[in-house]
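This report describes a single protein chain for a computational reader. Please consult the sequence and the coordinates alongside the text.

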Amino acid sequence: MFTRLFGKPKQEGNALTTLDKLNETLEMLEKKEKVLQKKAAAEVERAKEFTRAKNKRAAIQCLKRKRLYEQQIEQLGNFQLRIHDQMIMLEGAKATTETVDALRTGAAAMKAMQKATNIDDVDKTMDEINEQTENMKQIQEALSAPIGAAADFDEDELEAELEELEGAELEEQLLQPATTAPAAPVQAPAGRQPTRPIPQKRTAEEDELAALQAEMAL
């Protein structure tokens, strides 16, 4: 366990230290390359001076030293290329390691959460919720049920009584006299007397209805 806790940071520190060391070496090689380039350029200038002085042997020696410097410069270039390659590989390996560690951590966290909430616990919880919901429905139905004297009332008898009341109301509406709007006065033409409206004769049904109303009033 302690190896897991403290081993990975140490490895990460080693990777960072190695990258820093490679960077330092790369900077050192670049400086040496610049120095050798200056020396090679100086040998070329000296060879030109010896050539103008007709000193061919000394000029050739300068050119030989220039080529030696150029060989060293080429060698330093190869070293730099290898270091760059090593740095790229190391950075890629570091990124891969960090990615794998992150994935491993995520998988462990997911495994822990699944262990904390397995399917049996979920089913049990849902059963408890359904049971509590059903109990609550039964409680609500019990509270809404009529109690006392109201519980003894017969719904059919109440509906029959309601129908009788509706029938009596309808019969009372039929027995009430029909109200007619007063007729508008008719204006007679100029020079003629207005004629009185001719009273209409009452029918036998209206006479019976009037007699029934008189009896009910008594």
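## Salt bridges and surface patches

Asp-101 and Arg-104 are separated by about one helical turn, because they stand 3 residues apart in helix α2. Helices here are DSSP runs of H or I with at least four residues, strands are runs of E with at least two, and both are numbered from the N terminus. The side chains of Asp-101 and Arg-104 meet in a salt bridge, with 2.8 Å from N to O. The term salt bridge denotes a side-chain nitrogen of Lys or Arg within 4 Å of a carboxyl oxygen of Asp or Glu. Asp-101 is partly exposed at a relative accessible area of 21%, and Arg-104 is partly exposed at 44%. Buried means under 20% relative accessible area, exposed means over 50%, and partly exposed lies in between, with a 1.4 Å probe and protein chains only.

The model is predicted: local features need pLDDT of at least 70 and side-chain atom pairs count only at pLDDT 80 or more, whereas totals for chains, interfaces and linings use all residues. Residues are numbered from 1 along each chain as its sequence is written, and side-chain values use heavy atoms, with hydrogens and water left out.

### Overall architecture

The secondary structure of the chain consists of 5 helices and 0 strands, in the order α-α-α-α-α along the sequence. Of the 218 residues in the chain, 10% are buried. The accessible surface comes to about 19600 Å², and carbon and sulfur atoms contribute 57% of this area. Accessible areas come from the Shrake-Rupley method with a 1.4 Å probe, and for residues only the protein chains shown count as cover. Among contacts with a separation of 6 or more, 75% involve residues 24 or more positions apart; contact means heavy atoms within 4.5 Å.

### Charged pairs

Side chains of opposite charge can pair when their charged atoms come close. A search of the whole structure finds 6 salt bridges.

| Pair | Closest N to O distance | Relative accessible areas |
|---|---|---|
| Glu-43 and Arg-65 | 3.1 Å | Glu-43 6%; Arg-65 29% |
| Lys-66 and Glu-70 | 2.8 Å | Lys-66 15%; Glu-70 37% |

Which parts of the chain does the salt bridge between Glu-43 and Arg-65 link? Glu-43 forms this salt bridge with Arg-65 at 3.1 Å between the closest N and O atoms. The pair links distant parts of the chain, since Glu-43 lies in helix α1 and Arg-65 in helix α2, 22 residues apart. Glu-43 counts as buried at 6% relative accessibility, whereas Arg-65 is partly exposed at 29%. Glu-43 also belongs to a network of salt bridges with Arg-46 and Arg-65. With residues up to four places away in sequence not counted, Glu-43 touches Cys-62, Arg-65, Lys-66 and Tyr-69.

Lys-66, one of these contacts of Glu-43, lies in helix α2. Lys-66 is buried, with a relative accessible area of 15%. Its contacts, leaving aside neighbours within four places in sequence, are Ala-40, Glu-43 and Val-44. The salt-bridge partner of Lys-66 is Glu-70, which is partly exposed at 37% relative accessibility. Lys-66 and Glu-70 are separated by about one helical turn, because they are 4 residues apart in helix α2.

### Loop and surface features

Lys-54 is found in the loop between α1 (2-52) and α2 (56-116). Most residues other than glycine have a negative phi. Phi of Lys-54, however, is near 65°, a positive value in a residue other than glycine. Lys-54 is exposed, with a relative accessible area of 75%.

Two surface patches may be described next. Patches are made of residues with over 30% relative accessible area and no salt bridge, with like charges joined within 9 Å and nonpolar side chains (Val, Leu, Ile, Met, Phe, Trp, Tyr) within 5 Å. Ile-119, Val-122, Met-126 and Ile-129 form a nonpolar patch with about 360 Å² of accessible area together. Val-122 is found in helix α3, residues 119-144, and is partly exposed at 38% relative accessibility.

A patch of negative charge on the surface gathers Glu-155, Asp-156, Glu-157, Glu-159, Glu-161, Glu-163, Glu-164 and Glu-166. Lys and Arg count as positive and Asp and Glu as negative, while His and the chain ends are not counted. The place of a charge is taken as NZ of Lys, CZ of Arg, CG of Asp or CD of Glu. Glu-166 lies in helix α4, residues 155-175.
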